[in-house]
Amino acid sequence: QVQLVESGGGLVQAGGSLRLSCVASGRTFSSYAMGWFRQAPGKEREFVGGVAWYTYYADSVKGRFTISRDNTKNTVYLQLNSLEPEDTAVYYCAASQRGVTTKTYEYDYWGQGTQVTVSS
């Protein structure tokens, strides 16, 4: 079992930045690809990006968001820059043994989410 806990969400003005963290406990963190997803009210959960030994981003966030991981701290980060009101959502981290994938069903473990709200 892997437990994931996100933090770092909050309210920010458009153009601002936030840094989300996801701390993992349980089995070997470094063996998992880690993904970030988000879900806005009334919308499906969507892939934001992920990291294994490479990173991969959704087109909508490429150039604005950056994912990194620190295996010594069992932590993955999502740096959100140039935030837009459309980025408002609950952000989730997830762990997969299948590599970075955009499909929610290919992730084995999920955190509880952290709310990001961007005001205009």
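User: Quick one before we start: what does contact mean here?
Analyst: Contact means heavy atoms within 4.5 Å. Keep in mind that this is a predicted model.

User: Fine. Which residues is Arg38 in contact with, leaving aside neighbours within four places in sequence?
Analyst: The list is Glu44, Arg45, Glu46, Val48, Ser60, Val61, Phe65, Asp87, Ala89, Val90 and Tyr91.

User: Where does Arg38 lie?
Analyst: In strand β4, residues 33–39.

User: Is Arg38 buried or exposed?
Analyst: Buried. Its relative accessible area is 7%, and the cut-off for buried is under 20%.

User: And which side chains make polar contacts with the side chain of Arg38?
Analyst: Glu46 is one, at 2.6 Å. Asp87 is another, at 2.8 Å.

User: Switching to rings. How many aromatic pairs does the structure hold?
Analyst: Eight. One of them joins Phe37 and Tyr107: the centres are 5.1 Å apart and the planes stand at 85 degrees, so the pair is edge-to-face.

User: What does that pair tie together?
Analyst: Parts that are 70 residues apart in sequence, because Phe37 lies in strand β4 and Tyr107 in the loop between β9 (89–96) and β10 (109–110).

User: Are Phe37 and Tyr107 buried or exposed?
Analyst: Phe37 is buried, at 0% relative accessibility. Tyr107 is buried too, at 5%.

User: Which residues do ring pairs link into a cluster?
Analyst: Phe37, Phe47, Tyr56, Tyr92, Tyr107 and Trp110.

User: Last topic, charges over rings. Where does the charged end of Arg19 sit?
Analyst: Over the ring of Tyr77, 3.9 Å from the ring centre. Arg69 has its charged end over the ring of Phe29, 4.5 Å from the centre.

Methods. Residues are numbered from 1 along each chain as its sequence is written. This is a predicted model: local features need pLDDT of at least 70, side-chain atom pairs count only at pLDDT 80 or more; totals for chains, interfaces and linings use all residues. Side-chain values use heavy atoms; hydrogens and water are left out. Helices (H or I, at least four residues) and strands (E, at least two) are DSSP runs, numbered from the N terminus. Buried means under 20% relative accessible area, exposed over 50%, partly exposed in between (1.4 Å probe, protein chains only). A polar contact is a pair of N or O atoms within 3.5 Å; within protein, one must be able to donate a hydrogen and the other to accept it, and residues adjacent in sequence count only if both atoms are side-chain atoms. Rings of Phe, Tyr and Trp (its six-membered ring) pair if their centres lie within 6.5 Å; planes under 30 degrees apart count as stacked, over 60 as edge-to-face and the rest as tilted. A charge sits over a ring if NZ of Lys or CZ of Arg is within 6 Å of the ring centre and within 35 degrees of the ring normal.
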